[in-house]
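Dear colleague,

Please find below the structure that I am handing over to you. My notes on it follow directly after.

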Amino acid sequence: GEPHPGPRAVNVDLQTDATLQVDISDALSERDKVKFTVHTKSTLPNFKQNEFSVVRQHEEFIWLHDSFVENEEYAGYIIPPAPPRPDFDASREKLQKLGEGEGSMTKEEFTKMKQELEAEYLAIFKKTVAMHEVFLCRVAAHPVLRKDLNFHVFLEYNQDLSVRGKNKKEKLEDFFKNVVKSADGVLVAGVKDVDDFFEHEKTFLLEYHNRVKDASAKSDRMIRSHKNAADDINRIASSLYTLGTQDSTDLCKFFLKVSELFEKTRKIESRVAADEDLKLADLLKYYLRESQAAKDLLYRRSRALVDYENANKALDKARAKNRDVLQAETSQQLCCHKFEKISESAKQELIDFKTRRVAAFRKNLVELAELELKHAKVT
Amino acid sequence: MTALGKPPDSPPQLSLCQSAVRQCVCVCVSVSYPPSSQSTMADTARDPPPELSDFQELQDGEDLFPEPSAPLESGPASLPAEDISTNSNGPKQDSLFDDDPEDLFAEATEEVSLDSPERDVLLSDGPSPAITPITPPCSLITPHIDMFTHCSFDEIEEEEGGDSFDMHISVSDPEKVGDGMNAYMAYKVSTKTSMSLFRSQDFSVKRRFSDFLGLHSKLASKYLHIGYIVPPAPEKSIVGMTKVKVGKEDQSSNEFVEKRRSALERYLMRTVKHPTLLKDPDVLQFLESSELPRAVSTQALSSAGILRMVNKAAEAVNKMTIKMNESDAWFEEKQQHFDNLDLQLRKLHASVESLVCHRRELSVNTALFAKSAAMLGNSEDHTALSRALSQLAEVEEKIDQLHQDQANADFYCFSELLGDYVRLITAVKGVFDHRMKTWQKWQDGQILLQKKREAEAKLQFNNKPEKLQQAKDEMRELEGKVQQGERDFELISKTIRKEVSRFEKERVKDFKTIIIKYLESLVQTQQKLIKYWDAFLPEAKAIS
């Protein structure tokens, strides 16, 4: 297992206040499980102590997220997107292949490649820790969600939450639910909204989400090519080194020096690729998920609107037939209330979303440019 | 300048005529030569003999040798005859010449081309025996005195001759000639030189790819088996050429033509840098004459091509069966060295090619990302962020172009050089193989001789006079062959040593230049990157 080193890479801008501060102070990677140590500092009266830590696994984060989504009370909020599952498979596969191919390469090559793969593993590890942390911080920063009971249990209960992952049946149910939801979403999206703000937001979010998806995919590909090129430079450096040691002419010193240079270049190129990955790709991926969450919010609102309109129609019908009027009235009022509540909070949420997004992009783009400059100057 | 570089101001010496050249040539070949200028003459003997074809060419082209066989029998041949008889029968003199036409023109090669008289002058210093003078046309001799500087006397370390190697060949202006499947690309080969070897200082001809291949195959057949490292010609590519023929004017066929053009240029430069090959008449003809006979046997799918392939396979099998007693540690070490080098260069070449591929990929992906970022910027409704994203898109687009350029530099600079050297090393190994074959021939001759000796002894014992005489004759012939074999072997070994040292020097030079150029391009790329990101930074900061 590997301990989580100090500074965390937060790629979203958040306001934290002293009343509730959450972070992941440590993380352990055990075969295929990652154990996060969630550390809380709070002055809120809800908690027994002011500072405490618990150990949580990925599934427990998902459980918390799902509990928010399923809670009707939170229909009017953008639910912070769940962190992606820690995925070390690719890295592990590469390490395994390296181990198998150990006989076919020189000792130096083997050590070098091993170091690189280990660095890659570490980078993935750091990323997954950061994403889990961001999720918790978003929840802690949200004025309503931070008061959620499940959240407090998550933070404080120092035993295993016994959240089992969904079994096959449940996963199938989820799948169908999603299908229904997207079909419904299409229907609902067709309904034109009276409110200009929401109408605009709807169009905007739809387009934005698609474009972020595209940009995220392309940036991933770009970074992968970059990494491949860096790998090649690594191999070239090794070959040059071997040539240098074997050669008996003046070329040998020359080759050795050039080999060093290529080594340096490679290190820089990998770092550039890693930085791009962090600042650009991760940013885009995060906003992909957030924009999806925002879309979900709009969907819920539209759903509520449709329900409201249906309730109105039902009320009219009931009044016309003069039957079950009271029932229809209550139902209609409920819908109306729900809809208005959602609309109100949604407005604020969406505005916040924009502010956050702008700030995050700014921060990351600036850092990206600065890092690129730094690396280019080194050469 | 060597001792032999004396200007031909002494006609009597000069009168050691052309015809005498042949005799002198034979004389030089024999081991027991008058000691006076043994060293220098012996060197000229080491020059590679051309094939019979050259002899023909010469006969046609020049009538400097008016009566090929006459002088041989005459009195002047006394001295040479004497010498020759030491290693073969007197009466067999003619047949000797006929059998080994190569020896006949042992020295006549490079110097001979259009200016064989120099040959005379060279040789003149050597043998001062009384040979019937046949006055050569003096006028032929005078103008090409600076030829001396290029007559490489092999003993001396190969520098670029007395005056510097001033020759520049460029291959340019590829243009498509003809249509359909019979179309071909014609390249303009321009030579700029101040060397007197050529008729003029600046000239150009049109050549097509098969002409280059023809040149290479001629040079290879002449020089490879005696130990000269002949630079390999660029490879044929049926796919690439077909695309060009069919007329697809797209990126890949343009790239193919450009790749081929630069490969042809490098091939020619390498060939002329070799002092021996430079003077070869075929090379000179290739560079100078406006019309060249079409080299048909270079077609890939022709019968000649197939024959070549079969031969190559047979050779490979033979190589495996020859086990040579290596007496010279130098050769063993060098062979090992080249084997290692081959391995490493191939690996390096593969890595560089992979890098080129990935960088091209990176460039494509960056362009895609740039477009995507631009779209994102468009849909973003926060103005400053939108502008920043568009700027990002522009930066990335420029970077993509940068990557593309870098990939090209990677390729043309580095990768092609490595490819060339991988092929060159194959040629070097081929030369070593030829040495083995020569040794084998020599050994075989010795074994045969031994058998014949035993047979002769038996015959003597059985007292059969006619057969005995025949046996004795055969033996003498064989002995000659064996000695020739030994000489060949030593010759090739010596040539190889020289060639290898020259090759290594060239290699060092080439690699240094190319790698430095490549590194410079890397630095440039980084500088441009700095410029672009510097421009972007304030935009990013301006997002409020």
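Predicted model: local features only at pLDDT ≥ 70, side-chain atom pairs only at ≥ 80, totals over all residues.

Is Asp405(B) buried, partly exposed or exposed? Asp405(B) is partly exposed, because its relative accessible area is 39%, where buried means under 20%, exposed over 50% and partly exposed in between (1.4 Å probe, protein chains only). This residue is found in helix H18 of chain B; helices are DSSP runs of H or I with at least four residues, strands are runs of E with at least two, and both are numbered from the N terminus. Asp405(B) and Ser521(B) lie 116 residues apart in sequence, with their C-alpha atoms 9.3 Å apart in space.

Residues are numbered from 1 along each chain as its sequence is written, chains are lettered from A and ligands numbered from 1 in the order in which they are written, and side-chain values use heavy atoms, with hydrogens and water left out.

Turning to the interface, 52 residues of chain B are in contact (heavy atoms within 4.5 Å) with 55 residues of chain A. The buried area between the two chains is about 5000 Å², and carbon and sulfur atoms give 70% of that area; buried area is the accessible area (1.4 Å probe) that two parts lose on being put together, summed over both. Phe369(B), Leu376(B) and Trp533(B) supply 12% of the area that chain B buries against chain A, more than any other three residues.

The elements that give two or more residues to the side of chain B that touches chain A are helices H17 (329–379), H18 (383–462) and H19 (465–541) of chain B. H17(B) gives the most, with 24 residues.

The count of salt bridges between chain B and chain A is 0, a salt bridge being a side-chain nitrogen of Lys or Arg within 4 Å of a carboxyl oxygen of Asp or Glu.

As for chain A, there are 8 helices and 3 strands, in the order β-β-β-α-α-α-α-α-α-α-α from the N terminus on. Of its 379 residues, 47% count as buried. Among contacts in chain A between residues at least 6 apart in sequence, 73% join residues at least 24 apart.

Yours sincerely
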